[in-house]
Amino acid sequence: MITGPQMRAARALLGIDQKALAELAGLSVPTIQRMEASTGNVRGVVDSLTKVIAALELAGLELIGEGSVSTVGGRGVRLKVPPPRH
């Protein structure tokens, strides 16, 4: 799965805007906007989500799942698990 904030971060790492991602994925800009507005995992049509993930990967991005290890290396950023609140 991918989250809205993860999609925005992915675009930022690639240096592309929503329009460029929409074109790469073959989707509309409003679809990308709706997906990125999600606070948790992106919800929507599975085919659209698959197209976005494929477009990001084709553009050179590796999506790393929660608790997964990067298999190809390269530079990037990753959110840490927030510390427990007391």
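Visitor: Where is Ser-38 found?

Guide: A word on the basis comes before the answer: this is a predicted model, in which local features need pLDDT of at least 70, side-chain atom pairs count only at pLDDT 80 or more, and totals for chains, interfaces and linings use all residues. Residues are numbered from 1 along each chain as its sequence is written, and side-chain values use heavy atoms, with hydrogens and water left out. Helices here are DSSP runs of H or I with at least four residues, numbered from the N terminus, and on that numbering Ser-38 is found in the loop between helix 3 and helix 4.

Visitor: Is Ser-38 buried or exposed?

Guide: Buried means under 20% relative accessible area, exposed over 50%, and partly exposed in between, with a 1.4 Å probe and protein chains only. Ser-38 touches Gly-4, Pro-5 and Arg-43, leaving aside residues up to four places away in sequence, where a contact means heavy atoms within 4.5 Å. Because its relative accessibility is 16%, Ser-38 counts as buried.

Visitor: Which backbone oxygen does the side chain of Ser-38 reach?

Guide: A polar contact is a pair of N or O atoms within 3.5 Å; within protein, one must be able to donate a hydrogen and the other to accept it, and residues adjacent in sequence count only if both atoms are side-chain atoms. For the side chain of Ser-38 the distance is 3.1 Å, and the backbone oxygen reached is that of Met-35.

Visitor: With which side chain does the side chain of Thr-31 make a polar contact?

Guide: Thr-31 lies in helix 3, residues 29-36, and counts as buried at 15% relative accessibility. The polar contact joins two side chains at 2.9 Å, and the partner of Thr-31 is Ser-28.

Visitor: How are helix 1 and helix 3 oriented to each other?

Guide: Two packed helices are described by the angle between their axes and the distance between the axes. Axes are lines fitted to C-alpha atoms, for helices over the stretch in contact, and angles run from 0 to 180 degrees between N-to-C directions; helix 1 (residues 4-14) packs on helix 3 at about 120 degrees, with the axes 7 Å apart. Angles under 35 degrees count as roughly parallel, over 145 as roughly antiparallel, 65 to 115 as roughly perpendicular and the rest as oblique. Helix 1 and helix 3 are therefore oblique.

Visitor: Which residues of helix 4 meet helix 2?

Guide: Helix 2 (residues 18-25) packs on helix 4 (residues 46-58) at an angle of about 105 degrees, their axes lying 8 Å apart, which means that helix 2 is roughly perpendicular to helix 4. From helix 2 come Leu-21, Leu-24 and Ala-25, and the residues they meet in helix 4 are Lys-51, Val-52, Ala-55 and Leu-56.

Conventions
Helices (H or I, at least four residues) and strands (E, at least two) are DSSP runs, numbered from the N terminus.
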